[in-house]
Amino acid sequence: MTYVVTENCIKCKTMDCVEVCPVDCFYEGENMLVIHPDECIDCSVCEPECPVDAIFPDTAPGLERWLKLNGEFAVAWPNVTTRREPAADFKQFIGVPGKFEKYFSPNPGQGD
Ligand code: SF4
Ligand code: F3S
C-alpha cells in the first residue's frame, strides 16, 4: 500500500505535505508533487496536511491512473523535503475539474 497524490495538487502545490513525511518520499514536478510508491511507509500523516485534499491511500476507489502517474514521475522528478510558498494564484485552481488535461506538466520541478 502507498499514499497517492491526485489531480487537485496540480497548479495548487502548496507543499504542506513535504515537511511531515518521515521518509522524504515526495518528488517535485513543475506544478504538482508525487509520492514514490515504493518508499512510502503508509504512515498517513501527509493526508490531513494537504489543504486541498489531494492525497489519498491507494485503497480508495478509482485511483489507478494516479498510482501509475506517481510511480512514473517519482523516478523522473527531484526529491523535495523543504516547503516553499505556493504560487500566488493557487487558490483559483482548487477543485477545478479537468486540471490534468489542461495543466499537467511532465517537466521536473526545482526540488531541494
Ligand atoms: Fe510520507 Fe507517510 Fe505520506 Fe507516505 S503516508 S507519503 S510515508 S507522510
Ligand atoms: Fe500538493 Fe497538497 Fe502536497 S496540494 S504539494 S499534495 S500539500
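Tutor: Start with a term: buried means under 20% relative accessible area, exposed means over 50%, and partly exposed lies in between, using a 1.4 Å probe and protein chains only. Both W77 and F104 are buried. This is a predicted model, where local features need pLDDT of at least 70, side-chain atom pairs count only at pLDDT 80 or more, and totals for chains, interfaces and linings use all residues. Residues are numbered from 1 along each chain as its sequence is written, chains are lettered from A and ligands numbered from 1 in the order in which they are written, and side-chain values use heavy atoms, with hydrogens and water left out.

Student: How many aromatic pairs are there?
Tutor: The count comes to six aromatic pairs. Rings of Phe, Tyr and Trp (its six-membered ring) pair if their centres lie within 6.5 Å; planes under 30 degrees apart count as stacked, over 60 as edge-to-face and the rest as tilted. F73 and F104 form an edge-to-face pair, 5.3 Å centre to centre with 70° between the planes.

Student: Why does that pair tie together parts that are apart in sequence?
Tutor: Because F73 lies in helix α1 (residues 64-74) and F104 in the segment after α2 (99-103), the pair joins parts 31 residues apart in sequence. Helices (H or I, at least four residues) and strands (E, at least two) are DSSP runs, numbered from the N terminus.

Student: Are F73 and F104 buried or exposed?
Tutor: Both F73 and F104 are buried.

Student: And why is the pair of W77 and F104 tilted?
Tutor: The ring centres of W77 and F104 are 6.1 Å apart and their planes are at 35°, so the pair counts as tilted. W77 is in the loop between α1 and α2 and F104 in the segment after α2, 27 residues apart.

Student: Which residues form the aromatic cluster?
Tutor: W66, F73, W77, F100 and F104 form one cluster.

Student: Which residue lies over the face of F100?
Tutor: R65 does, at 4.5 Å from the ring centre. The rule is that NZ of Lys or CZ of Arg is within 6 Å of the ring centre and within 35 degrees of the ring normal. K11 lies over the face of Y103, at 5.6 Å from the ring centre.

Student: New topic, the ligands. Which residues surrounding ligand 1 are the closest?
Tutor: The closest are C21, C40, C43, S44 and C46, out of 13 residues that surround ligand 1. A residue counts as near if one of its heavy atoms lies within 4 Å of the molecule.
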